[in-house]
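Subject: Structure handover

Hi,

Here is the structure for you to take over. My notes on what turned up follow below it.

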Amino acid sequence: MPNKVYGGDGGDYYAWCPNQLPMLREGNIGAAKLALRKNGFALPRYSDSAKLLTCSGVAGIVLPEKEEKVIPIKKGDAIALPFGVVTWWYNKEDTELVVLFLGDTSKAHKSGSFTDFFLTGPNGIFTGFSTEFVGRAWDLEENVVKTLVGSQSKTGIVKLDPSCKMPEPKIEHYNGMALNCEEAPLDVDIKDGGKVVVLNTKNLPLVGEVGLGADLVRLNGNAMCSPGFSCDSALQVTYIVRGSGRVQVVGVDGKRVLETTIEAGNLFIVPRFFVVSKISNPEGMDWFSIITTPNPVFTHLAGRTSVWKALSPEVLQAAFNVPAEVEQKFSSMRLAEEIFFPPPN
């Protein structure tokens with residue numbers, strides 16, 4: 001679970017700490033979460049990392065040298081944020097707005113952590129410049145500069161008065177900036193097993209600039225996700241969105257390096273080439289993963305599309321050192337299912 005970094009009446013900002021989760025630092029991955037209550041406003045900032053995120057609410061995004069885009073965001077939406085993007089977030093609804101940030105920290109100040117640079121507030125960029133420099137930059141008198149720089153006393157997140165008018169989101173700004181994973185065409189749909197939507201450069205071109213891929217997986221109750229690994233040296237970071245289940249990860253020399261129960265709010269990491277498999281509890285389990293390549297490729301070790309089905313019977317028999325009838329039994333199973341396996345009868 002993440003640690004609270006700062007917050008107040010408007011909401012809270014949490015981050016997963018690389019000291020507690022060393023794989024974040026080793027994999028150059030950052031993970032954080034923003035939770036805004038009603039009328040909560042996350043002040044404009046930019047980050048030292050490119051990110052993928054999933055959230056709901058209203059977002060203001062300014063790409064370098066372009067106009068502000070005010071985007072209506074709903075549950076299941078994913079957004080790619082390249083370097084240099086200025087963002088703000090606002091929640092006008094009664095329900096909490098939660099933004100999950102996952103991204104690459106290879107160029108960040110601290111490996112495994114995001115650093116935000118705020119444009120306003122007591123820790124804003126312009127509080128560090130002298131009044132003379134700010135006045136010259138903005139072409140304003142000293143008293144106006146002091147008012148602008150010093151009036152916002154809150155850090156990071158504030159709660160606005162209900163009468164405060166914020167920009168209305170524009171649906172035309174949505175296209176090309178976000179993709180709804182719950183409404184997008186499914187890449188995988190297994191009856192009683194699960195569903196997958198993959199984010200890549202085809203359905204969200206900004207993913208290419210971020211350098212990350214992602215997927216949203218919905219695993220049915222008591223179903224299993226086939227053991228598999230990323231075959232293009234990618235690291236996989238997974239956040240459990242809903243439900244719970246069990247996970248096992250196996251690494252070098254066939255050693256099980258992780259076996260635990262995972263639930264909504266948990267984050268876990270699968271190192272490069274390690275094999276992971278999950279079984280959901282009766283309520284099912286949804287998760288959002290980023291993969292450290294924009295167009296990830298996976299190899300599965302069970303099911304119709306697994307590598308076993310491609311190997312010849314003689315190779316399997318020799319590799320397992322088993323009689324032909326055992327190999328035939330093994331090869332005759334899972335001929336129809338792939339990736340997700342419904343619960344046994």
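Let me begin with one side chain. Arginine 218 is partly exposed, because its relative accessible area is 32%. This is a predicted model, so please read every value here as computed from it.

**Salt bridges**

Arginine 218 pairs with aspartate 286, and their closest N and O atoms are 3.4 Å apart. Arginine 218 sits in strand β14 (residues 213-219) and aspartate 286 in strand β19, so the bridge ties together parts 68 residues apart in sequence. Aspartate 286 is buried, at a relative accessible area of 6%.

A second bridge joins aspartate 116 and arginine 45, at 3.5 Å from N to O. It too links distant parts of the chain: aspartate 116 belongs to strand β9 (residues 116-118), arginine 45 to strand β4 (residues 40-47), and 71 residues separate them. Both aspartate 116 and arginine 45 are buried.

Glutamate 259 and arginine 256 also form a salt bridge, with 2.8 Å between the closest N and O atoms. Arginine 256 is exposed, with a relative accessible area of 52%.

Which buried glutamate has no salt bridge? Glutamate 327. The nearest side chain of opposite charge is lysine 309, and that is 8.2 Å away. Glutamate 327 lies in helix α7 (residues 324-331). Leaving aside residues up to four places away in sequence, glutamate 327 touches Pro313, Leu316, Gln317 and Val322.

**Aromatic rings**

Searching the whole structure gives 12 aromatic pairs. Phenylalanine 126 and phenylalanine 129 have ring centres 6.0 Å apart and planes at 40°, so this pair is tilted. Phenylalanine 126 is partly exposed at 24% relative accessibility. Phenylalanine 129 is partly exposed as well, at 43%.

Tryptophan 308 and phenylalanine 320 make another tilted pair, with 5.2 Å between centres and 35° between planes. Tryptophan 308 is in helix α5 (residues 307-310) and phenylalanine 320 in helix α6 (residues 313-320), 12 residues apart. Tryptophan 308 is partly exposed at 28% relative accessibility. Phenylalanine 320 is partly exposed too, with a relative accessible area of 40%.

There is also an aromatic cluster, made up of Phe126, Phe129, Phe133 and Trp138.

Lysine 51 is worth a look. Its charged end sits over the ring of phenylalanine 101, 4.7 Å from the ring centre. The charged end of lysine 51 also sits over the ring of phenylalanine 114, at 4.5 Å from that centre.

**Tryptophan 287**

Tryptophan 287 is in strand β19 (residues 275-291). Is the residue buried or exposed? Tryptophan 287 is buried, because its relative accessible area is 2%. Its contacts, not counting residues up to four places away in sequence, include Asp215, Leu216, Val217, Leu219, Cys225 and Tyr239. Tryptophan 287 and valine 307 are 20 residues apart in sequence, and their C-alpha atoms are 25 Å apart in space.

**Backbone**

Most residues other than glycine have a negative phi. Two residues here have a positive one. Aspartate 192 has a phi of about 65°. Aspartate 192 lies in the loop between β12 (188-190) and β13 (194-199), and is partly exposed at 43% relative accessibility. Phenylalanine 273 has a phi of about 70°. Phenylalanine 273 is in the loop between β18 (267-270) and β19, and is partly exposed at 48% relative accessibility.

**Overall**

The protein has seven helices and 21 strands. Its C-alpha atoms fill a box of roughly 90 × 35 × 35 Å along the principal axes. Of its 345 residues, 46% are buried. Among contacts with a separation of 6 or more, 72% are between residues 24 or more positions apart.

An unreviewed UniProt entry carries the annotation "domain: Cupin type-1" for residues 4-146 and 184-328. Over residues 184-328 the chain is 15% helix and 48% strand, and the end C-alpha atoms are 39 Å apart.

Best wishes

Methods:
Residues are numbered from 1 along each chain as its sequence is written. This is a predicted model: local features need pLDDT of at least 70, side-chain atom pairs count only at pLDDT 80 or more; totals for chains, interfaces and linings use all residues. Side-chain values use heavy atoms; hydrogens and water are left out. Rings of Phe, Tyr and Trp (its six-membered ring) pair if their centres lie within 6.5 Å; planes under 30 degrees apart count as stacked, over 60 as edge-to-face and the rest as tilted. Buried means under 20% relative accessible area, exposed over 50%, partly exposed in between (1.4 Å probe, protein chains only). Helices (H or I, at least four residues) and strands (E, at least two) are DSSP runs, numbered from the N terminus. A charge sits over a ring if NZ of Lys or CZ of Arg is within 6 Å of the ring centre and within 35 degrees of the ring normal. Lys and Arg count as positive and Asp and Glu as negative; His and the chain ends are not counted. A salt bridge is a side-chain nitrogen of Lys or Arg within 4 Å of a carboxyl oxygen of Asp or Glu. Contact means heavy atoms within 4.5 Å. UniProt positions are given in the numbering used here, feature names are shortened, and annotations may be inferred rather than shown by experiment.
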